[in-house]
Amino acid sequence: MARLGLPALLCTLAVLRAALLAAELKSKSCSEVRRLYVSKGFNKNDAPTHEINGDHLKICPQDYTCCSQEMEEKYSLQSKDEFKNVVGEQCNHLQAVFASHYKKFDEFFKELLENAEKSLNDMFVKTYGHLYMQNSELFKDLFKELKRYYVVGNVNLEEMLNDFWARLLERMFRLVNSQYHFTDEYLECVSKYTEQLKPFGDVPRKLKLQVTRAFVAARTFAQGLAVARDVVSKVSVVNPTAQCTHALLKMIYCSHCQGLVTVKPCYNYCSNIMRGCLANQGDLDFEWNNFIDAMLMVVERLEGPFNIESVMDPIDVKISDAIMNMQDNSVQVSQKVFQGCGPPKPLPAERISRSISESAFSARFRPDHLEERPTTAAGTSLDRLVTDVKEKLKQAKKFWSSLPSNVCNDERMAAGNGNEDDCWNGKGKSRYLFAVTGNGLANQVSNPEVQVDTSKPDILILRQIMALRVMTSKMKNAYNGNDVDFFDINDENSGEGSGSGCEYQQCPSELEYNATDHSGKSGDKASYADTCVRAQPYLLTVFCILFLVMQREWR
């Protein structure tokens with residue numbers, strides 16, 4: 001009997017030994033995890049060759065694991081970097097779109113002005129010759145002020161154009177009445193009759209309306225592209241919280257610790273984590289969409305009645321029409337001025353003939369070489385630029401609310417939306433059962449994956465929201481043809497992020513506008529107060545405090 005029992009005992013021991021060997025072989029299945037870990041540039045000595053007890057793990061499941069404490073710490077930093085890179089790629093693409101279009105529009109507008117000035121100078125030299133050369137500074141000043149308005153603002157276009165026509169009237173009045181001597185006081189009296197007599201016909205009124213509307217729309221639109229570029233640049237630099245970093249580690253690399261190196265995170269699992277980590281960015285969406293809509297409204301104006309190209313290209317012809325109108329009506333205009341300002345003092349006889357010969361002004365302007373006008377920047381046109389940017393603006397709507405989904409659509413971050421069963425759900429390879437939370441800070445109260453402090457909005461994001469609100473208001477003013485003011489802000493108070501950070505003198509190619517901090521006139525105070533009223537309850541206190549602080553700076 002004993003003899004029969006010994007073979008059975010030996011057999012049992014053999015089976016147990018085989019089972020133990022199998023378990024040992026299974027416990028040594030960390031080679032692939034180790035290989036991938038080393039491929040990322042980490043020290044192979046951190047990685048165990050077989051499964052070990054996971055009591056040392058702080059975030060990943062504490063079962064038997066292929067991760068040491070050093071691996072978990074390095075994976076935490078790695079997951080954070082990968083998240084920042086993917087978000088940065090999404091934002092950098094959008095920023096590049098706005099930066100590229102801003103550069104194209106800025107170059108176009110500036111070269112348009114240069115070409116218009118050159119065209120006027122060439123034509124007037126050919127037509128009016130020495131008389132124009134004697135008075136060319138008047139026209140140079142006109143274009144100098146137009147350029148200054150576009151680049152730095154602080155120019156009242158209506159007053160500037162009124163001054164141009166008043167100065168032109170003084171010069172013309174002297175030329176058509178060259179037999180008289182006019183004092184500065186007399187010419188000042190002459191300029192007072194500009195509105196009443198309309199010596200240049202209806203050209204000044206029409207041109208003032210066209211130039212003001214076109215320049216306001218052009219400058220505001222270019223500013224809007226610069227603001228969009230800067231907002232995206234600042235917001236793209238994400239700094240995950242500790243809670244977000246823990247969730248990212250758990251999502252991206254805790255599956256490796258269980259040997260599931262080829263299993264990607266479930267899509268909805270990723271979505272919840274991205275909504276939690278990008279909660280503040282989600283709050284940009286409302287003002288961002290309003291801003292994009294306002295930009296599209298101004299685009300309509302640029303395509304139609306506020307087209308700066310259609311205004312500036314024939315400006316030489318329009319000014320010459322005004323000059324010819326003054327020539328045709330010079331006798332009537334002079335008589336009425338003499339009646340109102342008194343008879344002028346005649347020049348001495350010997351000076352009259354010389355004066356008349358020097359100021360003979362009988363040339364008639366004929367723009368007979370319109371086909372020779374130079375092309376604008378890069379040989380393009382405003383219509384082509386507008387058509388291209390309009391499509392890009394439409395695509396940019398809802399960018400911030402779509403950002404979490406776009407990040408999870410990246411194959412490096414999650415499994416496909418249709419692969420719901422064979423994916424990592426944070427605990428194992430199985431379906432993810434939680435519902436996806438909404439976007440924005442307030443909705444993260446119910447986020448099952450990321451603990452978010454909904455009472456502390458990001459100050460940088462709030463500043464960008466305010467920047468968008470200010471720019472949206474200016475866009476709407478420009479759409480209605482109203483002039484808008486821009487204020488140059490040094491980058492010292494702008495917080496994180498990238499801006500132009502330079503003054504006009506150092507950076508003449510950049511429109512000076514900082515997208516983070518703003519100063520404004522009293523008219524803007526109502527919009528900021530409205531921000532406090534319309535903001536979500538948890539934003540109320542922060543918005544109002546920011547408003548009071550910034551209002552104090554404005555003073």
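Figure 1. K147 and E117 form a salt bridge, with their closest N and O atoms 2.8 Å apart; a salt bridge here is a side-chain nitrogen of Lys or Arg within 4 Å of a carboxyl oxygen of Asp or Glu. K147 lies in helix α5 and E117 in helix α3, so this pair ties together parts that are 30 residues apart in sequence. Helices (H or I, at least four residues) and strands (E, at least two) are DSSP runs, numbered from the N terminus. K147 also forms a salt bridge with E114, and there the closest N and O atoms are 3.1 Å apart. That pair links distant parts of the chain too: E114 sits in helix α3 and K147 in helix α5 (residues 136-152), 33 residues apart. As for accessibility, E114 is partly exposed at a relative accessible area of 42%, and K147 counts as partly exposed at 23%. Buried means under 20% relative accessible area, exposed means over 50%, and partly exposed is in between (1.4 Å probe, protein chains only).

A word on what you're looking at: this is a predicted model, where local features need pLDDT of at least 70, side-chain atom pairs count only at pLDDT 80 or more, and totals for chains, interfaces and linings use all residues. Residues are numbered from 1 along each chain as its sequence is written, and side-chain values use heavy atoms, with hydrogens and water left out.

**Figure 2. The whole protein, for orientation.** There are 23 helices and two strands in the protein. Buried residues make up 48% of its 555 residues. Take the contacts (heavy atoms within 4.5 Å) between residues at least 6 apart in sequence: 81% of them join residues at least 24 apart. A search of the whole structure turns up 21 salt bridges.

Figure 3. Over residues 352-375 the pLDDT stays under 50, and the model has 46 contacts beyond four places in sequence for them. Residues 486-555 are also below 50, and that stretch has 129 contacts in the model beyond near neighbours in sequence.

**Figure 4. Inside the largest nonpolar core.** In soluble globular proteins, nonpolar side chains tend to be buried together. The largest nonpolar core here has 141 residues, and L146, F221, M274, W288, M312 and I319 touch the most other members. Such a core is a set of buried Ala, Val, Leu, Ile, Met, Phe, Trp, Tyr and Cys residues joined through side-chain atoms within 4.5 Å. Helix α3 gives the largest share of this core, 19 residues. Zoom in on W288: leaving aside neighbours within four places in sequence, its contacts include L94, F98, A228, V231, V232, W400 and L468.

**Figure 5. Helix α10 and its cover.** Helix α10 (residues 242-252) has C244, T245, A247, L248, L249, M251 and I252 as its buried residues. Covering them are, among others, α3 (69-128), α11 (254-257) and α12 (267-277).

**Figure 6. A salt-bridge network around D410.** E89, D410 and R412 are linked in a network of salt bridges. The side chains of R412 and D410 meet at 2.6 Å, N to O. R412 is partly exposed, with a relative accessible area of 47%, while D410 counts as buried at 16%.

**Figure 7. Q444, tucked into a loop.** Q444 lies in the loop between α20 (399-409) and α21 (459-479). Is Q444 buried or exposed? With a relative accessible area of 2%, Q444 is buried. Beyond its neighbours within four places in sequence, Q444 is in contact with R275, G276, A279, T437, G438, N439, V452 and T454.

Figure 8. The axes of helix α7 (residues 184-191) and helix α17 (residues 330-341) come within 10 Å and cross at roughly 115°. Axes are lines fitted to C-alpha atoms, for helices over the stretch in contact, and angles run from 0 to 180 degrees between N-to-C directions. Y186, C189 and V190 of α7 make the contact with V337, F338 and C341 of α17. E170 belongs to helix α6 (residues 157-176) and touches L187 and S191, not counting residues up to four places away in sequence.

Terms used. pLDDT = per-residue confidence, 0-100.
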